[in-house]
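Please read the report below beside the sequence and the model. It starts with confidence and then turns to packing.

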Amino acid sequence: MNVNALIPTVDWRALAPFTIVVCTGIVALIIEMLRPRRNNNLVVGVSLFGLLVAGWSLFGMLGGPSDESFAGMILNDRFGQILQLVMVGSCAVCFLFSEPYLREKRIPFAEFYPLALWSTAGGMLMVSSKHLLMVFLGLELLSISLYCLAGMSRYESKSEESALKYFLLGSFASAFLLMGIAFIYGETASLHLGRISEVLGAASASPLSTIGAAMVLVGLGFKLALVPFHQWTPDVYQGAPTNVTAFMAAVSKVAALGALVRFLWAIGTLDTVWFPLMWWVAVATMTVGNLAALVQNDVKRTLGYSSIAHAGYLLVGVLAAFSAPGRVSLDATAFYLISYAAMTIGAFAVISLTASGQHEGTRFYDVRGLWKRAPWAAGCLVVFLCSLIGIPITSGFFGKLLIFQAAFDAGLPALAVLLAVNSAISTYYYLGIIQAAFVTEEGAVAPRFGKPSASLNLACAVCLAGVLGAGLFAGPLIRGMGTAEVGPPVGVPVQDPLTIHTKNTSD
Amino acid sequence: MLGRGIFQAVFGEFLPILLLMLVAAVVAGAMVTLSWVLGPKKDTPYKSSTYECGVTPVGNAIERFPIKFYLVAILFVLFDIEVVFLWSWITVFKGATIQYQVFSGVAVGIYLVLWIIGDAYVIKVGALEWDEEPQVAPEKLLPTPVEAPTIAAGSHS
Amino acid sequence: MTVPNEFSTVWWIVFLPLLGFLFQALLGKRLVETLGAKFGRPAAGAIAVAPIGLAFLLGADLTSKLAQLPEHARAAVSTLGPWMSVQGLQVPFELRVDPLSMTMVLIITGIGALIHLYAIGYMAQERDFPRFFTYLNLFVAAMLVLVLGNNLVLTFVGWEGVGVCSYLLIGFWYRDLANSKAANKAFIVNRVGDVGFALGMFWIVHLLSQNRETLAVTGERWLSYDTILAVSPRLLEMFPTALFWISILLFIGAMGKSAQFPLYVWLPDAMAGPTPVSALIHAATMVTSGVYLLNRMSPWIALSPAAMGIIAIVGAVTALVGAAIAFGQTDIKTVLAYSTVSQLGYMFIACGVGAFWAGMFHVITHAFFKALLFLGSGAVIYAMAHQQDMRHYGNLRRYLPITFATMAVGWAAIVGVPFLFSGFWSKEAVLGAAVNQTHGATGAFGLTAGQLAGWVGFAVAAMTAFYMTRMMLLTFGTSEERWRDAVPDHHAEPVHSHEADADHHDVEDVEGFFFSDAEMERASMLEVHEEHHDLDSHHTPREVPWVMWVPLVLLAVGSLGFVGSWLGGANHRLEAWLTGHAPHEAHGPVAHNLLIGISALAFVSGVGLAFWLYGKKTPVWEGMDDKKWNPLQLFARRQFGIDAILSDGTVRLGGIVGAVCFALDRYVVDGVVNGVGVLARSLGGAVRQPQTGYVRTYATLMQYGAVALVAYVVYRLMTGAPQ
C-alpha cells in the first residue's frame with residue numbers, strides 16, 4: 001500500500017487565519033486557566049489581538065489567486081476570504097460588548113472567549129473548503145461551541161432551555177446533513193464538491209443524489225434558519241445570553257450561507273429539481289419571518305424572527321446570482337451579509353444594556369426609556385433598526401437595493417416584489433422597537449439598565465460606522481471586494497484523498 | 001401475480017428474508033397487542049408498584065443523580081476516541097516511509113499537545129474531583145449583587 | 001452634459017442645513033446649558049435659522065444665474081463623485097440645477113427659514129429645544145436632497161429621509177403614546193407608498209440596464225434624469241405596458257407622501273406634531289414632494305394617457321373627500337389638515353391633465369397661504385393655552401388682531417377671492433387647464449377624465465369656501481367668548497409645564513406594541529404636552545411675540561394677489577420658466593371669462609352660506625354635545641368611517657395575519673402533532689393550556705419539512721425529467 005500518496009501539499013498561509021483564531025482560543029483558555037482573576041481583561045485583550053492578526057492576514061490574502069491545498073480540503077478563494085473577514089470582524093465586535101454584559105449579568109464564564117473563538121474558527125472552516133467532510137467538521141465545531149455558549153448563563157432556566165433546544169434540534173439537523181453527504185458520496189464516490197459537480201454533470205440525476213442533496217439542504221437550512229426549519233430560532237435567540245445571540249445571529253448565519261452557496265453551485269446541474277424548491281423556501285422564509293414578528297412582544301424574539309426574514313432576503317440574492325451567472329454576481333449577497341452583521345450585532349449590543357445586576361428583561365416593556373438612560377446607544381439603535389428596515393443612506397437600504405436589482409436582472413421579479421412588500425411589512429415591528437425605546441420615559445418605576453460602558457459604546461460606534469460607512473461607500477466597498485466568484489479553482493487538479501484511498505484498498 | 005413480480009424485481013433474492021421479517025413482526029405484534037386487548041386489567045396499588053427484590057420500593061425511580069457521572073463518562077469517551085485515533089495511526093505508521101512518518105508524526109504531535117492542554121484544563125477546573133464542586137475559581141465570582149432590582153414594583157410579572 | 005463651475009455651489013445648499021443639523025445634534029444641548037434656557041434657546045434657534053437663510057440666499061443667487069441662461073439650456077448638473085458603481089448599477093452623487101429644482105429649493109429654504117424663526121417663539125418653553133431644531137434642520141437637508149438629486153436613487157434617499165424626519169417630528173412629544181402612534185401610522189402608510197416608488201424605480205433601472213445597447217445609454221450617468229427622461233419615448237415603443245405600470249407605481253409613491261386618497265389617512269393624525277412642523281412638513285414642503293416627483297417625471301408620465309387619467313381622478317376624489325371631511329371637524333389644526341389634503345388633490349388634478357406647471361404653481365401659492373394658516377392657527381393655539389378645539393374659541397379678532405389680519409389673508413387666498421389673492425390665480429390655472437383639456441383618457445358624461453376632475457374641482461372650491469369661512473367664523477367671528485364657560489377638561493390635575501414629569505403608572509404590555517385599550521386610555525389621561533395651564537373663564541388671550549408674528553406678516557405678503565398675477569397672470573412667467581418654452585394660448589371648450597365667473601360663483605355661494613349659518617352666533621348643532629350634532633356633519637367629523645376602515649382595519653388585519661401565521665407556526669401544527677391527545681383531553685373536559693415551545697414539536701415539524709422537501713425533489717425528479 002502506497003501511503004505516501006496521502007501526504008498532501010501543506011499551505012500554511014492558506015490556513016493561517018484559521019490557525020491563528022484556534023491558537024488564540026487556546027491561549028485564551030490557558031490564560032483563563034492560569035490566572036483566574038476577577039476580570040477577564042487579559043483574555044479579552046489577547047482574543048481581540050488574535051482576531052486582529054487573523055483579520056490582517058486575511059486582508060493580506062485578499063488579492064491572491066484562489067487555490068486548494070491539504071489534498072483539496074482547504075480552499076483559499078475570494079468569496080471565502082470575504083466571509084471569513086466578516087466572521088472575524090463580527091466576533092471581535094461581539095467581544096467588545098461582552099465583558100460589561102457578562103459582568104452585569106454575573107456570568108463568571110470566561111470560557112466564553114475561547115469557545116466563541118473556536119466557534120468562529122468552525123465557521124471559517126465551513127466557508128473555506130469545498131470538501132463536505134471539512135464543511136461538516138466546521139459546522140460541528142461552530143455548533144458545539146454555540147450549544148455551550150447558549151447555556152452559559154447557568155442560573156437562568158431560559159438559557160438552559162435555549163441550549164438544550166439548540167443542541168437537540170442541531171444534532172437532528174446534523175444527522176440530516178450527514179445522511180445527505182453519505183447519499184451523495186454513494187452516488188458520486190467523492191466528498192469534494194468539485195468532483196461531485198463533475199460527476200453529477202456527467203450523469204443524469206438519480207434519486208440517490210437528489211435525495212442526498214435535499215437532505216444536505218435540510219441541514220444547512222437549519223443553520224441558516226430557513227422556513228420550515230426555523231422554529232428553533234426565536235426560542236434560542238430569546239433564551240441565550242444577548243452577546244451569544246448577537247454572535248450566533250451574525251457568525252453562524254454567514255458561515256451557513258457560505259456553505260450553502262458552495263453546495264448549491266456544486267449541485268447546479270440538478271437545478272430543475274432544487275431551484276423551484278429554494279424559490280418557495282425563500283418566499284416562505286421572508287413572509288413567515290416578517291409576519292410572525294408582527295405579534296411578538298420581546299425584542300430579542302422579534303429580532304430572531306427578523307433574522308429569519310433576512311435569511312430569506314439573502315437567499316433571494318443567492319438564487320439571483322445562481323440563475324444568471326455572469327450577469328448577476330454574489331456581490332449583492334456578500335454586501336448584504338456585511339451590513340446584516342453590522343446592524344444585527346449593533347442592535348443586540350444595545351439590547352444587552354437591559355441587563356442590570358443579574359436581571360435581564362428584553363420585552364418591549366423593558367426597554368422603555370432607554371433613550372434617556374443611554375442616549376448614544378439608543379440613537380445607534382435607531383440607526384440599526386432603520387438599516388434593518390432599509391432606509392436610505394444606511395447599508396441595509398443598499399443591500400436590499402442590490403439584491404432587489406439582482407433579482408430583477410436575473411428574471412425573478414416575483415421574488416423582488418415580495419422582498420419589497422416584506423420589507424414594508426417589517427417597518428411595523430421595527431418601529432415598535434424604536435417606539436418602545438423612546439416612549440414613556442421617567443415613570444416612577446422605570447426599568448433599570450446597566451450603565452453603558454465605554455467598550456459597549458465603542459461596539460455601537462463600530463457597528464454604526466459599518467452601517468453608515470457601507471452605505472455611503474457602497475461602490476468602493478463592493479469594488480474592493482471584487483466579484484465574489486465561487487467557481488471551481490482554475491488549473492488545480494482536484495485531489496480527493498478518499499477516492500484515492502478506496503482505489504488503493506481495492507487494488 | 002403482478003405484485004409478486006414487482007416484489008421479486010425490487011428485492012430479488014432477499015424476498016424470503018423480507019417475508020420472514022414480516023411474519024415475525026406480525027406474530028410479535030399480534031402477541032403484544034392481543035394480550036393487551038384481551039387480558040383483564042385489574043389495577044391495584046400493590047400491583048402497580050415497582051418490583052424491587054420483594055422489598056417495598058423506596059422513593060421515586062425517576063430522580064436526579066449527580067451530573068458528575070455524565071461528566072466523567074463524557075471524558076472517558078473522549079479518551080476512548082483518542083486511543084482509537086492513535087491506534088489506527090500507529091498501524092499505518094509502522095510500515096510507512098520516513099517522509100510520511102515525519103509528516104504524520106508532527107500532525108499527531110499537534111493533536112496530542114492540544115489534547116494535553118485540554119486535560120490540564122479538565123484537572124484545573126476540578127472536573128474530575130468527585131467531592132468538590134467543580135466550578136470556576138472563587139476569585140472570579142463577583143460579590144453578589146446588593147439586591148436583585150425590584151423591577152416595576154409588582155406590576156411586572 | 002458639461003458641469004458649469006458656477007453651479008457647483010449648489011452643494012452648499014445641502015451642506016448648510018446638514019452643518020446646522022450637526023451643530024444642533026452635537027453642541028445644541030451644551031449651548032443651551034451653558035447660556036441658560038433664557039438666552040441659550042434663542043441662540044440655538046438663531047443658529048438653526050442661519051443655515052436655512054443662507055441656503056435661501058444661495059438658492060436665489062443660483063436661480064438668477066439660471067435665469068440668465070437661454071431657455072433651452074436651463075439645466076446644469078454638479079457631480080461630487082461616484083457613489084455606487086457596481087455591476088449594472090451606477091449612481092453618482094449629483095445634483096441638478098434646473099427651474100423645477102430651484103423653484104422647490106426657494107420654497108423649502110424661504111418658507112423653511114420663516115417657520116424656523118417662528119418655531120423659536122413657539123417652542124420657547126420646550127425642554128428639548130435643540131432636539132427639535134436638530135430634526136428640523138435634518139428635515140430641510142433631506143428635503144433639499146429630494147428635490148436636487150439628479151437620479152431616482154438620490155431622490156429616494158431624500159424621500160425616505162424626509163419620511164424619517166417627519167416620523168421623528170410627529171412623535172416629538174414622545175411621552176405621549178398617541179403621538180407615537182400617529183408617528184408610526186404616518187411612517188407605515190408612507191412605506192406603503194414607498195413600495196410603489198421603489199418598485200417603479202427598480203423597474204426603470206431594470207429596463208435600462210437590460211437594454212443599454214438598444215437605447216445607447218452609456219457611461220456613469222445612465223440613471224440620471226436627463227438620460228431616463230430622454231429615452232422614455234423609445235421605451236414607450238418597446239414596452240408600452242411597462243411604461244404605464246411604472247407611471248402608476250411612481251404615482252403610488254407620490255400618493256403616499258402627498259396624502260392622496262386612500263393613503264391620506266396619516267396626514268390628519270400627523271397634526272400631533274408641533275405646529276411649526278405641521279406648517280413646514282405637512283403643508284408647505286414634504287407633502288408636495290409627490291407633486292414634485294410627478295413634475296420631475298412628467299415627460300415619462302405624460303406618455304401614458306391612462307395613467308394621467310387615473311392621476312386626475314384620484315386627485316379629484318382626494319379633493320372632494322378632504323373637503324367633505326373638513327365640514328365636520330372641530331379641531332382647528334385638523335380642519336387645516338383636511339384642507340391640505342383637499343388642496344393636494346388640486347395639484348394632482350393639474351398633473352393629471354398635463355398642466356404640470358399649474359400643479360407647481362399651486363404648490364407655490366399653497367406653500368405660502370397654508371403655512372400662513374397653520375402658523376396662524378399655532379398663534380391661536382398658543383394664545384388659547386393650547387386648546388385646539390374651535391368650540392372653545394370665538395371673538396378672538398378682538399384679542400389677536402395681527403393673527404386675525406394675517407389669517408384673513410390666508411383665508412382669502414385659499415377660498416379664492418378673485419384677483420386680489422394668490423390662491424385664486426393658481427386655482428384658476430389648475431381648473432382652467434382641467435376643464436379645457438382637449439384630449440385625454442375618457443371619463444364619463446362625455447367628458448375626459450381631466451375635465452371631469454376639473455368640474456369636481458369647482459364644486460370643491462365652493463366647499464372650501466364654506467368650511468374655511470366656518471373655521472374663521474368659529475375662531476375669530478361672533479361676539480361669543482366661548483372659552484369663558486368652558487369647564488376645565490377631564491385632566492384631574494392641571495399640568496403646569498413641559499418641565500413637569502408625568503407620574504406614570506406602569507401597565508403590563510400584554511399586547512406588545514399593539515396598545516391595549518387600557519394603555520391608550522392611560523396615555524390620554526397623561527396628555528401633558530403643550531399644556532401650560534388650563535383654559536378657564538378668566539383666561540385672556542394675548543397676542544404672540546414678534547418672532548412669531550413677523551413670519552406671519554411675511555407669509556401674508558406672499559399670499560397676496562400680486563404674487564399670483566406676476567407668476568401666472570397674462571404673461572405666464574412660471575409656465576415659461578418651468579416648461580422652457582413660451583406658452584401657447586389654449587382654447588378649450590370653456591372660455592376664460594366664464595371660468596372666472598364660475599369661480600366667483602363658487603366663492604360667493606360658499607362664503608355666503610357660511611356667513612348665513614355662522615355669522616351671527618354659533619349654531620346649536622355645533623356644541624359640545626355630540627348628540628345635538630346634525631348627523632351629516634357628525635358623519636363627516638368621523639371621516640365617513642374611512643380612516644376606521646383603512647387604518648384600523650389594516651392594522652387589525654396585519655395583526656390577525658401575523659397572529660395566524662404565528663399560531664400556525666406554533667399552535668396548529670403543535671395541535672396536529674398532539675392531535676389525538678388534545679382530542680382525548682378535551683373530551684375529558686380538561687382545558688388545554690396553549691403549550692408551545694416543545695422541542696419535540698419543533699423536531700417533528702422539522703421532520704415534516706424534511707419529508708416534504710425530499711418528497712418534492714423526488715416528485716420533480718420523476719415528473720420534471722431534468723436533462
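## Confidence

Chain B averages a pLDDT of 76, where pLDDT is the predictor's confidence in each residue, from 0 to 100. In chain B, 74% of the residues score at least 70. Over residues 143–157 of chain B the pLDDT is below 50. Beyond near neighbours in sequence, this stretch still has 21 contacts in the model; a contact means C-beta atoms, placed from the backbone, within 7 Å. Where pLDDT is low, predicted coordinates should not be read in detail.

This is a predicted model: local features need pLDDT of at least 70, side-chain atom pairs count only at pLDDT 80 or more, and totals for chains, interfaces and linings use all residues. Residues are numbered from 1 along each chain as its sequence is written, while chains are lettered from A and ligands numbered from 1 in the order in which they are written.

## Chain C overall

Chain C has 28 helices and two strands. These are DSSP runs, numbered from the N terminus: helices are H or I with at least four residues, strands are E with at least two. Of the 723 residues in chain C, 54% are buried. Buried means 20 or more other C-beta atoms within 10 Å of the residue's own; exposed means 12 or fewer; partly exposed lies in between; C-beta atoms are placed from the backbone.

W612(C), in helix 24 (residues 592–614), is exposed because it has 9 other C-beta atoms within 10 Å.

## Helices 17 and 21 of chain C

Helix 17 of chain C has 15 residues, and 11 of them are buried, so this helix is largely enclosed by the rest of the structure. Among the buried ones are F404(C), M407(C) and W411(C). Their cover includes helices 15, 16, 18, 19, 21 and 24. Just after helix 17, G416(C) takes a positive phi of about 85 degrees.

Helix 21 covers residues 546–558 of chain C. Its expected span, 1.5 Å times one less than its number of residues, is 18 Å, and its end C-alpha atoms are 18 Å apart, which agrees. W549(C) and L555(C) are among its buried residues. Helices 2, 16, 17 and 22 of chain C are included in what covers them.

## Nonpolar core

The largest nonpolar core holds 451 residues. Such a core is a set of buried Ala, Val, Leu, Ile, Met, Phe, Trp, Tyr and Cys residues joined through C-beta atoms within 7 Å. A407(A), C463(A) and A371(C) touch the most other members. Helix 16 of chain C gives the largest share, 19 residues.

Leaving aside neighbours within four places in sequence, A371(C) contacts residues including I111(C), A283(C) and L555(C).

Technical notes: Contact = placed C-beta atoms within 7 Å.
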